Number of protein chains: 2
Amino acid sequence: MLPCIEDELQRAVDLVKVHGMQEYHRMLAYHMGWEGEGAGPTARGKRIRPLLVLLTDGAAQGDWNNALPAAAAVELIHNFSLIHDDIQDGSDQRRGRPTVWKAWGTAQAINSGDAMFALAHLTIFRLAGTTNEHTAFQAAHMLQETCLELTKGQFLDMSYETQSQLMIEDYWPMVSGKTAALLATCTELGALIAGADERIRSYYRQFGRSLGLAFQVQDDILGIWGDAALTGKSAESDLLTGKKSLPVLFGLSQKGRFSQRWAEGPIQPDEVSQLAKVLEEEGAYNYTQNTSAELTQRALQSLSDTQPISEYADALIELANHLVNRRG
Amino acid sequence: MLPCIEDELQRAVDLVKVHGMQEYHRMLAYHMGWEGEGAGPTARGKRIRPLLVLLTDGAAQGDWNNALPAAAAVELIHNFSLIHDDIQDGSDQRRGRPTVWKAWGTAQAINSGDAMFALAHLTIFRLAGTTNEHTAFQAAHMLQETCLELTKGQFLDMSYETQSQLMIEDYWPMVSGKTAALLATCTELGALIAGADERIRSYYRQFGRSLGLAFQVQDDILGIWGDAALTGKSAESDLLTGKKSLPVLFGLSQKGRFSQRWAEGPIQPDEVSQLAKVLEEEGAYNYTQNTSAELTQRALQSLSDTQPISEYADALIELANHLVNRRG
């Protein structure tokens, strides 16, 4: 499936490959991991979202080749959001290479993200050729609603940076928008394109949504207790960036030593490993790990409710387990 | 028509008016000129693009009420591009008020532009209710292609800033993308929604495209010889910002005194009025004015080719003349 995904993605990005615009195409191809220094599989990312679309389509008895435009579209949306996120966070590295804004400046990077956004939607319209216009219309509408959810999640994430009175409950609307909405749309798109009925589609949507939440919670665990985070050498630890992740919000709710230290101002690199231990002792690790496990369980239950075709179901379960059990 | 346009726009922007997101809605409502200090007609702009959609729809024998979702969508796209342009140009004022990035910071402004982009497309999908799904699909596709053209024009515009070997011919692909593509889409959308055949639609498209080019050329004239530009007190003059507008590219092609001075480095405020005179003497004013007049003529010829219904045709001619004869 992966080579077909790359072909479809390249076909989309080639829409900006016109006379006098070589450099524009280069920015997008660089971000997608095809060109420039460090190009290759690592720079491309794992293409998890398009794989979810295609595997879901197969599991719902579709021919996944017909879902390729949707698979490419969700990956382009993901990459649009990464290009803009990197500017917003001031991150200068992405998958081990300089980010687009670092290489070409903020102004061109904003524009590259906008292009990626437009390319995503132009690509999903191609479903009219592989399925029919009605399905393409529904799919395009669903993807666009998801984009609006993404911006809502992003708004909350940025707003939280300056808010001190947050509670655990504030976490869910933020990650629903930032992460779960797109994964829910990936799995529902697969089912829609396969021609599944509304009930089955909603199970697939639930599967993607719960998986997306579990994935994000796992990401939050790695952001504090992952190998890269614990070294404290870089900005890899969410304790250094001040991110309001689930373990941090749990820690703050306990009003113990962690909460006290957090209120005193920015955490320093040499405190990271000790503070992660305090947070663990106050129960944040167990709480977050249990939450992730429960969400994963819920995701797998929804998947089972869809009564998927086994070979694709096995691949989906494997992908889900990979996402929520990864170590880095 | 204007109150209906505002209603449709508010309805679109209200999609982000949800619990806990009041501030997000406020940013968008502020940019649209509805809220905050200085809100009102001036802060809203002239809503030229939605008016073009509705008047064209009427001229092509449609009921313009059915075209309202398209009218709102093109205005939202225009405003998406303004929010991002202001960040890219570092402009801190827009229609006499602080820009979104100036008021809320770059990160939130990028996200607000992205939201405006998504809202535009969600809004054009509403044509499925006022016309039919096939028309809505065609309209959404046309608008999305236009967005990609916008980013191409923007890429060229930003690239030109650092290029010294530009020729007059380089001007047209840039303004085709930045200005003419959206105006061409406005007029074609009106005709499409009215149910006009392909031949008539292409005349309307030509009308909008030529009008867009004439509008931009006129803007370039004002950027150098307009009242605000000649005072040289602010960054109102394109000679100060170094913008590669049509008169500047013409001046450079003449390889005379203007070109010589330009090559020596940034123009200072006290030189602006004298240099504008030099440029005029070298023929740039006449050349640009003639180009604008010719494009306007071409636009009006295309409009006449559509055999429009007279009351709407009169309004379109009036709007066109207003756009290409304005003084500020």
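Visitor: What length does α7 of chain B reach, first C-alpha to last?
Guide: Helix α7 of chain B, residues 106-125, reaches 29 Å, close to the 28 Å expected at 1.5 Å a residue.

Visitor: OK, predicted. What does the predictor give for ipTM and pTM?
Guide: The complex gets an ipTM of 0.95 and a pTM of 0.96. For chain A, the average pLDDT is 95, and 98% of the residues score at least 70.

Visitor: Now the two chains. What rotation superposes A on B?
Guide: A rotation of 180°, with 0.0 Å of shift along the axis, puts chain A on chain B at an RMSD of 0.0 Å. That is the relation of a two-fold axis.

Visitor: And do both copies use the same surface or different ones?
Guide: The same one: 100% of the contact residues of chain A recur in chain B.

Visitor: Which residue of chain A comes closest to the axis?
Guide: That's A:F137, with its C-alpha at 3.2 Å from the rotation axis.

Visitor: How many residues are in contact across the two chains?
Guide: 38 residues of chain A are in contact with 38 residues of chain B. On the chain A side, the elements giving two or more residues are α2 (22-31), α5 (68-89), α7 (106-124) and α9 (133-160).

Visitor: Which of those gives the largest share?
Guide: α9(A), with 16 residues.

Visitor: Switching topic: α18 in chain B. Which residues are buried there?
Guide: B:Y312, B:L316, B:A320 and B:L323. Looking down the axis of α18(B), they fall within an arc of 75°, so they line one face of the helix.

Visitor: Why would residues spaced like that point the same way?
Guide: An α-helix has 3.6 residues a turn, so residues three or four places apart point the same way.

Visitor: What does that buried face pack against?
Guide: The buried residues of α18(B) pack against α4 (48-59), α11 (198-225) and α17 (284-305) of chain B.

Visitor: And which residues are exposed on the other side?
Guide: On that side of α18(B), B:S310, B:E311, B:E318, B:N321, B:H322 and B:N325 are exposed.

Visitor: How many residues in that helix?
Guide: Helix α18 of chain B has 16 residues, and its 22 Å reach is close to the 22 Å expected at 1.5 Å a residue.

Methods:
Residues numbered from 1 in each chain as written. Chains lettered and ligands numbered in written order. Predicted model: local features only at pLDDT ≥ 70, side-chain atom pairs only at ≥ 80, totals over all residues. Least-squares fit on C-alpha atoms with pLDDT ≥ 70 in both. Contact = placed C-beta atoms within 7 Å. Helix = DSSP H or I, 4+ residues; strand = E, 2+ residues; numbered from the N terminus. Expected span 1.5 Å × (residues − 1). Buried ≥ 20, exposed ≤ 12 C-beta atoms within 10 Å, placed from the backbone. Arc of directions from axis to C-beta. pLDDT = per-residue confidence, 0-100.
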